[in-house]
Amino acid sequence: MKKPSLIPYYRSFFRNNTRDFILGMIATVAESACAVGIAWLIQQLLDSCTGNPAALPFHQLLMISVGMLLLYLGSIQLDRLTTSRCIPKAMAQYESFLFSRISQKSIAAFRRENTATYLSAVSNDTQTIRMGVGDLFNGFNSLLTLICAICLMVWYSPVMTLAALGLASLFFVLSLPFSKKLVEAEQELSDCNEGLTARFKDFLTGFPVVKSFQAEKEMGNLFSEDVSKCANADKKRRMANLMFYFTIDGGIAAARVSILLIGAYLTITGRGVSAGMVIAFAELLNHVMAPMQQIPLQLADLKAANALIRKAADNLEKNIRDEGEDIPPVLETGLELRNLSFAYEPEKPVLHEISHTFEAGKRYALVGASGCGKSTLLQLLMGGNTYDGEILCDGHELQSISSRSLYALASHISQNVFLFNATILENVTMFRDFPQNDIDNAMRLSGLSQLIAQKGTDFRCGENGCNLSGGEKQRISIARSLLRKSSLLLVDEATSSLDAKTAAQVSQALLDLTGVTEIVVTHSLDAQLLRQYDEVIAMKAGNLVETGTFDDLMEKKGYFYSLYTVSQ
């Protein structure tokens, strides 16, 4: 399978960030030139002090020193200013890009995937990637300084340059295996952090279950195991880092001593090397060895960052429906199911070759025993999973319709309600702007009026609505769906958390909507309400067994009649 392109991910770092990036590169060039120029200045000053006739006059050296100092300080300040703006902006844009790609996932894909992967991508992994972005500047600085230093060294003494580069290269090669191990250790630590995040997320989500089953000790043991894995992975990373620096530091010490000895010999024997050149060479060697020390580590950081970006791309680019047919947000003719089958596990079908037509503008009640496939059918109508057979929406196959068009056409009111840690108004409007009359009407129809009168629209719901009752949360869910005025309304046990009186009021409000195609899963077999549906559909064990009006099905005295009789 072809891997997704990383170009959009890299582009997110530089979008609207080009000016600071270019200024940072310019500052880096000036900084590197000045750093090497200082070594030349040291050589000139020392030779001038020892009476070397080849040295420039002192007054010229004084002017050059002042100018170089000002340029060096200015370039350092510009470098710091640009990187302090560029790197945070680059990371903010990258994280926003990740969020945008996650938000384009289909509902079906999101249900199948591990959300801890995404939590890790925008938390733990971004720290490593931030280091990699910083090393784009630092690496360019190191490489440019290295090149400038080598050029000046060759000009001073080719023999000493060859000796210095030979020693430096030897230790550079010796450091490469540890650089590779560092990348591998960084990837392993990322995977361990992802597992730890997933474990902790499960614990927080399932906290009531853990407490009620007194499984705190067992969960603690599992969490401790994951923490130990992360600690071991971090230890491997630190050991690889330690060995890398040990190799490089040893190389730097050996190279410095060797170059000073060689330089002293060439000076004593009159081989055209002055004392100033030897000291300048020792200074330049710092600008060679330091980059050679830093560049492998910077390459390791860049490789680690690239690996984590690749990991994010591989996960985020799966199951994204960027393409698809756009259709109008109004259901004109209706929905048609043709031999629709579905199974969560192979050879364990949940729905069996269902064929039926839901005409636009009509209201349908789905009834049946628990587990017969009613909720699954609604999930499929919202694009929740792949399936066998066909679902035609105004003649368009549902799986070929873009997610954007599908979600503009249909709204789903579920029995499992999620609320954001925001105000009641924000949870109803989903942080968007609507006419106030529409908001008031949706709140009235959903039965929220009393709650609003007591607490106001600015009342904060808490994490997943912890400050509200189940019924209050359900009313907010209904209000947010009604506010959208979708052409197709899919309702799954929406009144299950409401008291009988409020449930009847909300159900009646849904039935009173006009111009809307409604498919309602209901467990409440209330004759007065069911008579208002254009069609009642009875399901049993994944099969559609009976359809008709309430009175027709009661006269048949079949499966629906049995359900209704038992419920009374």
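**Figure 1. Residue K485 in the loop between α16 and β7.** K485 is found in the loop that lies between helix α16 and strand β7 of this predicted model. The phi angle of K485 is near 55°, a positive value in a residue other than glycine. With a relative accessible area of 58%, K485 is exposed. Most residues other than glycine have a negative phi.

**Figure 2. Residue N16 in the loop between α1 and α2.** The loop between α1 (7-14) and α2 (18-49) contains N16. Although N16 is not a glycine, its phi is positive, at about 60°. N16 is exposed, its relative accessible area being 59%.

**Figure 3. The open sheet of six strands.** The strands follow the order β6-β7-β8-β3-β9-β10, and their pairing is mixed. The edges are formed by β6 (410-413) and β10 (543-548); each has a single partner strand, so one side of each is left without a neighbour in the sheet. From one strand to the next, the twist averages 15°. Within the sheet, β3 (residues 363-368) and β8 (residues 517-521) pair in the parallel sense over four bridges. R363 has E518 of β8 as its bridge partner.

**Figure 4. Helices α16 and α20 against the sheet.** Helix α16 (residues 470-484) packs on the sheet, where it touches β6 and β7 (488-492). The direction of α16 makes about 170° with that of β6. Helix α20 (residues 559-567) lies across β3, β9 (535-540) and β10. Relative to β9, helix α20 runs at about 90°.

**Figure 5. The nonpolar cores.** The largest nonpolar core has 44 residues, and those with the most contacts inside it are V428, L448, I476 and F560. Leaving aside neighbours within four places in sequence, I476 is in contact with L419, I424, N427, V428, L448, C461 and L468. A second, separate core comprises 32 residues, including L337, L340, Y364 and L381.

Figure 6. F420 lies in the loop between β6 and α13 (424-429), and F431 in the loop between α13 and α14 (436-445), so the pair ties together parts that are eleven residues apart in sequence. F420 is partly exposed at 31% relative accessibility, and F431 is partly exposed with a relative accessible area of 48%. The ring centres of F550 and F560 are 5.8 Å apart and the planes stand at 85°, so this pair is edge-to-face. Because F550 lies in helix α19 (residues 550-556) and F560 in helix α20, the pair ties together parts that are ten residues apart in sequence. Both F550 and F560 are buried. One aromatic cluster is formed by F200, F203 and F223.

Figure 7. C148 counts as partly exposed, at 25% relative accessibility. For C192, the closest cysteine sulfur belongs to C230, and the separation of 5.0 Å is likewise too far for a bond. C192 is buried, with a relative accessible area of 17%.

Note on methods. Residues numbered from 1 in each chain as written. Predicted model: local features only at pLDDT ≥ 70, side-chain atom pairs only at ≥ 80, totals over all residues. Heavy atoms only, no water. Buried < 20%, exposed > 50% of the residue type's maximum accessible area, 1.4 Å probe, protein only. Disulfide = S-S within 2.5 Å. Pairing = 2+ DSSP bridges. Helix = DSSP H or I, 4+ residues; strand = E, 2+ residues; numbered from the N terminus. Axes fitted to C-alpha atoms, helices over the stretch in contact; angles between N-to-C directions. Contact = heavy atoms within 4.5 Å. Core = buried A, V, L, I, M, F, W, Y, C linked by side-chain atoms within 4.5 Å. Phe/Tyr/Trp six-rings, centres within 6.5 Å; stacked < 30°, edge-to-face > 60°.
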